[in-house]
Amino acid sequence: MLAPTAVLLFGLFIFPLLWSLGLSFYRYSALRPQQAPRFVGFENYAWLLTDSSTWSRFIATGVLVAGSVGLQFLIGVSLAFLLYRDFKGRKIVLSILIAPMMMAPVAAGAFFKLIYDPTFGVLTYLTKTLLGVQVGWLEKSAPAMLGVIIADTWMWSPFVMLLTLSGLLSAPKHLLEMAQIDRAGRSLTFRYILLPHIKPLMMLAVLLRTMESFKLFDTIWIMTQGGPGDATETLALALYRVGFQYYDTGRASALAYLMLAAVIVLSNFYLRLASRASSSPEGET
Amino acid sequence: MNWKKTLRVVLIAVIAALYAFPVLWVMLTAFKERVDIFAQPPKLFFTPTLDNFARIFSDAGSEGSIFSSNFARYFFNSALLSFGSVFTAIVFGTMGAYAASRFPFKNRDFAMFSILSTRMLPAVAVVIPVYLLYRTLNLMNTYLGMTLLYTAFNLPFVIWMMRSFFDEIPREIEEAAMMDGSSRFRAFYKVALPQVKSGIAGAAVISLLFTWNEFLFASMLTGEKTRTVPIALAQTLQGERGVDWGKLAAIETLYILPVLIAAALLQKYLLRGLTFGTVKG
């Protein structure tokens, strides 16, 4: 019963990936299909790794990932603790908070473009009247990157919140009650009962968000198209540009494989960290 | 102690307002006239107009088309591709998940991990070879090609999520049914399936959202005939003659309305869905 799935996934993911692995060793442009690919060995990789712009793409991606995952983690976890105790209307607040992550990144990008607009955007107006500074949100390098990070955080910080909250809510009640009877202070209760319970979930949230923001494309493409200059040109955008604007298919395939390697290294790093974290603290309690 | 409680309520209200703001602002913009959109300071109160919505559906549309306007076609395409591919993915995915849950075949864990890993790939890395493949097979700008692609996207997710649901239901009832002479397929269809209805509903809605929102592949592989709303949205936004913000906001409002309704209805499935069934909501 898994056969149809296997066929489809092979045809649309595995086979194309092998094809592009092959192409990454060729000089080839999809624009000129009649011109046969020319084998160049590792030339595409060598070119990418020695080109300084590749490294600035890596840095831009790193800034984006660190900034948005960091911010999403801080805000998400704080929100979870804020919403931990039940109150009237919690359901409605949760509905409002989870709505952003269900929207199209394209739509979210467009919302924020409207808010950041240099002449009539709300945020532009607010920063001008409240702080007295004219921030060209998407027109200067640093604010543009911050603008993208804010948009991504708006969409996904509730995801971190949701995971953390589900951990908090499923923490064993009898342990919490016992802690109260034993007059364990808040910090002790947190450290020995709540934290071990939510830690794996927070790790999962960070892992998923890291992978997602590493490959974030739509939002940035809509908001800045990589600009101003190349301030928000991440690897994902560069790949699109090399592949579908310069039609340098061989090089784009090589870049795709560099990205894949980076994703694999990153996720293994996290998984190792996660398995270490989950093996130590629970043993103490 | 009471001021602390008040502070918390106020804080939560402010945060909820902040998160709701971008959406509300676009919706307000959709009902504004041109002068109100560009007004400085930004206007909260104005006389609403439906003009922007009328403009979406007033362009003539292509000749000989059954659609009254281009946007009517884009909305139709988005809905058709979403429902078509999710239906197929649910049918094959549920069967696959059942197999993975009930038969401990060789290399099962490896197979499941490979299925999951296809979803972890950066989409931009896959888009180049898929583009070449579709061009070779003449699948560019076809409903068939897009449906196949989106089915393939949704399958890993449906399989992982449904497997976690099948793993939870006891297999004894199915075994009893088979003892009484029902076939394995019948046991799956009549006994197991009804018990995971809520899982199917959750997986379907989340896959629908994903397909409804997909941008990158649609932008590469669709043309005028199969174009979906997000592509048209991006084109409206990056138009040469300046952005028609009123029209754009109106399109967005129509585009996200079904999503907002879904968000309100499916809170309880969301967490499990977004983590591939690994975390229960």
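Mentor: Residues are numbered from 1 along each chain as its sequence is written, and chains are lettered from A, ligands numbered from 1, in the order in which they are written. In this predicted model, local features need pLDDT of at least 70 and side-chain atom pairs count only at pLDDT 80 or more, while totals for chains, interfaces and linings use all residues.

Trainee: What makes up the secondary structure of chain A?

Mentor: Chain A has 13 helices and two strands. Both kinds are DSSP runs numbered from the N terminus: helices are H or I with at least four residues, strands are E with at least two. Chain B has 14 helices and zero strands.

Trainee: What are the spans of chain A along its principal axes?

Mentor: The C-alpha trace of chain A spans about 80 × 55 × 40 Å. For chain B, the C-alpha atoms fill a box of roughly 75 × 70 × 35 Å.

Trainee: Why is Thr136(B) called exposed?

Mentor: Count C-beta atoms, placed from the backbone, within 10 Å of the residue's own: 20 or more others means buried, 12 or fewer exposed, and in between partly exposed. Thr136(B) has 10 such neighbours, so Thr136(B) counts as exposed. Thr136(B) lies in helix α6 (residues 123–136) of chain B.

Trainee: Is Asn138(B) buried or exposed, and why?

Mentor: Exposed, because Asn138(B) has 9 C-beta neighbours inside 10 Å. Asn138(B) belongs to the loop between α6 and α7 (143–168) of chain B.

Trainee: How do you know how the length of helix α3 of chain A compares with the expected span?

Mentor: The expected span is 1.5 Å times one less than the number of residues. Helix α3 (residues 52–82) has 31 residues and reaches 45 Å from its first C-alpha to its last, close to the 45 Å expected.

Trainee: Which residues of α3(A) are buried, and what covers them?

Mentor: Among the buried ones are Arg57(A), Ala60(A), Leu64(A) and Val65(A). Their cover includes α7 (141–169), α9 (186–214) and α11 (235–244) of chain A.

Trainee: What makes a nonpolar core, and which residues touch the most other members of the largest one?

Mentor: A nonpolar core is a set of buried Ala, Val, Leu, Ile, Met, Phe, Trp, Tyr and Cys residues joined through C-beta atoms within 7 Å. The largest holds 146 residues, and Ala107(A), Leu239(A) and Leu255(A) touch the most other members. Not counting residues up to four places away in sequence, Leu255(A) touches Leu48(A), Ala238(A), Leu239(A) and Val242(A).

Trainee: How many residues of chain A are in contact with chain B?

Mentor: Contact means C-beta atoms, placed from the backbone, within 7 Å. By that rule 61 residues of chain A are in contact with 68 residues of chain B. Helix α1 (residues 3–23) gives the largest share of the chain A side, ten residues.

Technical notes: Two residues are in contact if their C-beta atoms, placed from the backbone, lie within 7 Å.
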